[in-house]
There are 4 protein chains.
Amino acid sequence: MVLKIGVIGTGAIGQDHIRRITNTLSGGKIVAVTDVNQEQAKAVVKNQNLDAVIYDDGHELIKSEDVDAVVVTSWGPTHEEFVLAAIQAGKPVFCEKPLATTAEGCKRIVDAEITHGKPLVQVGYMRRYDTGYRALKKVIESGQIGEALMVHCAHRNPTVPDTYTGDMSIVDTFIHEIDVLRWLLNDDYVSVQIVAPRKTSKALEHLQDPIMVLLETKQGVRIDAEVFVNCQYGYDIQCQVVGETGIANLPEPSSVVLRSEAKKSTEILVDWKDRFIDSYDTELQDWINSTLKGEVNGPTAWDGYVAAVTSDACLEAKKSGNIVPISLGERPDFYYKTLTAAGKL
Amino acid sequence: MVLKIGVIGTGAIGQDHIRRITNTLSGGKIVAVTDVNQEQAKAVVKNQNLDAVIYDDGHELIKSEDVDAVVVTSWGPTHEEFVLAAIQAGKPVFCEKPLATTAEGCKRIVDAEITHGKPLVQVGYMRRYDTGYRALKKVIESGQIGEALMVHCAHRNPTVPDTYTGDMSIVDTFIHEIDVLRWLLNDDYVSVQIVAPRKTSKALEHLQDPIMVLLETKQGVRIDAEVFVNCQYGYDIQCQVVGETGIANLPEPSSVVLRSEAKKSTEILVDWKDRFIDSYDTELQDWINSTLKGEVNGPTAWDGYVAAVTSDACLEAKKSGNIVPISLGERPDFYYKTLTAAGKL
Amino acid sequence: MVLKIGVIGTGAIGQDHIRRITNTLSGGKIVAVTDVNQEQAKAVVKNQNLDAVIYDDGHELIKSEDVDAVVVTSWGPTHEEFVLAAIQAGKPVFCEKPLATTAEGCKRIVDAEITHGKPLVQVGYMRRYDTGYRALKKVIESGQIGEALMVHCAHRNPTVPDTYTGDMSIVDTFIHEIDVLRWLLNDDYVSVQIVAPRKTSKALEHLQDPIMVLLETKQGVRIDAEVFVNCQYGYDIQCQVVGETGIANLPEPSSVVLRSEAKKSTEILVDWKDRFIDSYDTELQDWINSTLKGEVNGPTAWDGYVAAVTSDACLEAKKSGNIVPISLGERPDFYYKTLTAAGKL
Amino acid sequence: MVLKIGVIGTGAIGQDHIRRITNTLSGGKIVAVTDVNQEQAKAVVKNQNLDAVIYDDGHELIKSEDVDAVVVTSWGPTHEEFVLAAIQAGKPVFCEKPLATTAEGCKRIVDAEITHGKPLVQVGYMRRYDTGYRALKKVIESGQIGEALMVHCAHRNPTVPDTYTGDMSIVDTFIHEIDVLRWLLNDDYVSVQIVAPRKTSKALEHLQDPIMVLLETKQGVRIDAEVFVNCQYGYDIQCQVVGETGIANLPEPSSVVLRSEAKKSTEILVDWKDRFIDSYDTELQDWINSTLKGEVNGPTAWDGYVAAVTSDACLEAKKSGNIVPISLGERPDFYYKTLTAAGKL
């Protein structure tokens, strides 16, 4: 049984997913593509040697009888309409982050999915599929460190381009921690505070870098997260969970241990793509497998909504310097069912 | 383009390869299976929900027009005849180790393949596909540690079953080092000596465990390899290459760092399957891809022959306590071509 | 030349210093002791086989012509009067922390010392003498990580006795970070905030444990420090300095690497005495050597005062939950001279 | 009680011991010195500000009533006569390695000491006093890894001067492993084999570097030891003990963990003096303490003799390429008594 997939948006990440579904993963086939830039869509079909129809736009692609499931990798502001259209058509949809550019947009998707009555949407938070984070979650859930009390973490990039703005440190960078930490802790956030350390001289004038994000969860867990996007030395993701009886650290990527020039060293990655490349493979394979079984097993529309609300609060906390509450409302029962179906509850 | 694969032998490793080709990898399809135990073959087809013909024996399967390429995972003593038959039929064949149970058998395969005139055979030495060994090889080839002078390594299993004999410490266990170390160093062996340390009380009466294997290569590199199959504490593969200006260690599997009960610890695997599971995936995917391109990119029949000759010398050294020469004869030009085709020369 | 030392207070830490000066260090001799418990003082002289006069009280001991220098290891509330008396007598004095129980008391000592005109007082903050912290400071000062921007640290004890109160997490525990971090960064604090994570079930009812202390320095460095005194697993001191171009971590104590029972592990200490035992030796030897040269080379009365002021602000921040400013006033020129004399400026 | 010490030989190591006894350690006083170069002896007395008599030669110094104990740090070939003279005079003597330049010379010292009837001689093998080796021995003796079966070790220097000859790789370099490994294992050697790996291009023409030494002990433990004195990258001492149920590694020196320039690194020492500097302090302090109690607690004359015999066998094995037996004869009861007195038996 093969899942016939249509891809909306053939930019970098779209091409990447097409390549992985075609050459690396099992059970999926790209049968349809579209892009605002039709020439690019054609080039992708040709270069990747696809047997796929090129559609005029995403809505046509979604409607096509040939398409079982949809991957949305178009420009962020278009995500909402395509996801809503897919729900309308009753088709499973994998949407790259963000689910929508506003919390309200995410909420509309949540509501539409509940109205439809069956989960269809998965959001592309790939860290949940990282071997390291999964091993860490397993240790936490094993009880080896007792109840979690604190999390110390860091998200460091070597540099960012000139186009990187202060808000991006939240919506592009820290957004990954927002999703993965609540999944790790099986918890939700109640407030956020952001403080500004001494600014590095390596960042552009306009950019406060690093920042320190302080989150509090419903269970009372305190998270301190360093976001430092011009740290120079590498792409480095750290996460330490402090429990009542022990402490567990996210594994660092495996590396040759070198003794040379009076140093014992291991390599630190510099490109984020190398860090989570395996997670993308696992994520998409899991999506194909779950979709073939009629399930949603990954981050749901609700998770996309929570990320948006939390991210909005972070932006406000960053601007005001205040402790900002994070109000989500109750998680709809619908998403408990999703979790139950996926064996998570 | 899909590679239609027939599998001879549906025991544990056969089932494993069938499962991975069907559910995990891309580009291959199991279209034919056979086993001396026909009931088992039928059960596998049913359980794995395959769309595959069950053949009466390997020779029929090889001859079938439906079969593009053959995977040999039958009982060791039958490997030679099926590989020879595949060459005879001009079909690519992936053969689990050993290529044949004797050096002479391996040589017959080498000769048949040369006579055929085109490389067809790949042997299942999966360590060459391990991310760690590949990273180690890359460091060596980068020149960061200068020319290799020594290798210190260890192959440790927690325990072995009662059926494990002294010879198996060479032909089942150390055989992996035999293949991977010459690939790592791009070198060949010239002699071997084996010494017997104090015997562990945890091994069965009949078994000298551990042993220490001392190999010398053409380039003069000295390898000391501990083989310890009742080390109790875990499945642990160590490899340290000492070069003129630095030293490089095989990475250890990535693991959560835990602080608990007055210890800072990482996990050591206990099951060898967990250690190299990813290598099997990479190996088979690479075989499918290369085969579709008409190439052999992995360990060749010649590599299978070298492993057999070296393994024979090790057995003699183990029995006699002497330094035993390892004579391979010249590597046929044919296999240089294979390497060139694979971009290795 | 031998420094003739009088010790006021022969409790645990007093006995320890007497033993180290007598049996381990060079250049000092215990010639006088006293304690509110005269029997204990006598027992110490006898057990440690000292050639020392037992004085009725600290003031007599300080006045004695036989005593060149004074070590104050009596009960905390008595420190101020003995240090003031030593200054009055013009004698060098090593005072265990705290210098005085209030900031005002410390200020009186600072003023007395300045009036005296020559530095005489060293306070017993031994972490500055720890090999690890010294190595860390050296890396920071080498410029290898650029300017410091953030410090992440943790002070963890396995358990504390029932007598341990909430304030002690500041005045007994975190006080060490207060002193050592400003020395490490060559900086001072401007504000402090304390947040309360989920309370561990392993702490007594009355005790909020852990707490998270957030300090800001004059240079804008942000420090987050976990204080967790019932962490169960060990005595663990962590300190990570994040600079503009790199990150440096306090070394962990050296330990045998053990592979056993499916774990690769190193030991974590459980007793704080084992962690800093060498620092006490180095500290006292350095004090003897400096005193013989007429210098004060270690933490000064000013450092004792700063610790007291900062500690008071921490207590207020802990109670109120607010961001509390830390106002020190200007550092008197006198202490710059001390630093200059010690080759630190 | 102060031990009055006379030092024969005021070269580099002599000056070092004088400095440490005078400024760092407790309980000893340099009261006498001598050197073949009287000017140097005078300079040392002056520069180190000693209150010490300068003797015309070692024999006079030994005879002096003022001298309680003797430290021999003169030129190697003179060690035997001074140690014999000290025994003759009934005075405790600490002799830097080698005890004598031949096994016969060492035997004469052993015989003289037995005739004297009381242990007086300690040989300067300082590694037994290294914190790391002591921790490793403690782990072995705790039973955590079961009986020792193998030892893998390495002695690496960054470079050696032109004056370094092939024999020195045994008598100057590997001699430390010879002493410390039998102490670690509480065992003796029965044979040795030496093999020559590919020679590094960084060594001088005349020098085979590295070499691999293979030792077998009475208990059957197999030791493989790499001796590599031009390894370029650092001074690196490795020792891994493989036991029946686990494996223990000599701790590496503690170091700041640095993240910088895409590497996570710790420092490797380059100067051997930094590696064992603390051991020298501990060794001499222990010698002073034991001597004051009338005991010998460190490496005995017998240990010096065993080192000489083993070293001779290594030299023969290096030249011949053969497996060379190591015959010590029985350890005299006298040295069991020494061990018993020191609480080791």
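Contact is taken here to mean heavy atoms within 4.5 Å. The structure is a predicted model, in which local features need pLDDT of at least 70 and side-chain atom pairs count only at pLDDT 80 or more, while totals for chains, interfaces and linings use all residues. Residues are numbered from 1 along each chain as its sequence is written, chains are lettered from A and ligands numbered from 1 in the order in which they are written, and side-chain values use heavy atoms, with hydrogens and water left out.

By the contact criterion, 15 residues of chain B touch 15 residues of chain C. The two chains bury about 1400 Å² between them, 47% of which comes from carbon and sulfur atoms; buried area is the accessible area (1.4 Å probe) that two parts lose on being put together, summed over both. Of the area that chain B buries against chain C, 40% is supplied by Arg259(B), Ala262(B) and Lys264(B), more than by any other three residues.

The interface of chain B and chain C holds 6 salt bridges, each defined as a side-chain nitrogen of Lys or Arg within 4 Å of a carboxyl oxygen of Asp or Glu. One of them joins the side chains of Arg259(B) and Glu252(C), at 2.8 Å from N to O. On the side of chain B that touches chain C, the elements giving two or more residues are β11 (236-243), β13 (257-260) and β14 (263-267) of chain B; strands are DSSP runs (E, at least two residues), numbered from the N terminus. The largest contribution to this side is that of β14(B), with 5 residues. By class, the side comprises 4 nonpolar, 4 polar and 7 charged residues, where Ala, Val, Leu, Ile, Met, Phe, Trp, Tyr, Cys and Pro count as nonpolar, Asp, Glu, Lys and Arg as charged, and the others, Gly among them, as polar.

Strand pairing also links the two chains: β14(B) pairs with β14 (residues 263-267) of chain C in the antiparallel sense over 5 bridges. Pairing requires that DSSP find at least two bridges between two strands. In this pair, Glu267(B) stands opposite Lys263(C) in β14(C).

Within chain B, 6 strands form an open sheet with parallel pairing, in the order β3-β2-β1-β4-β5-β6. Its edge strands, β3 (53-54) and β6 (121-123) of chain B, each pair on one side only. Strand β4 (residues 69-72) of chain B runs parallel to strand β5 (residues 93-95) of chain B, and 3 bridges join them. Val70(B) stands opposite Val93(B) in β5(B).

How values were computed. Helix = DSSP H or I, 4+ residues; strand = E, 2+ residues; numbered from the N terminus.
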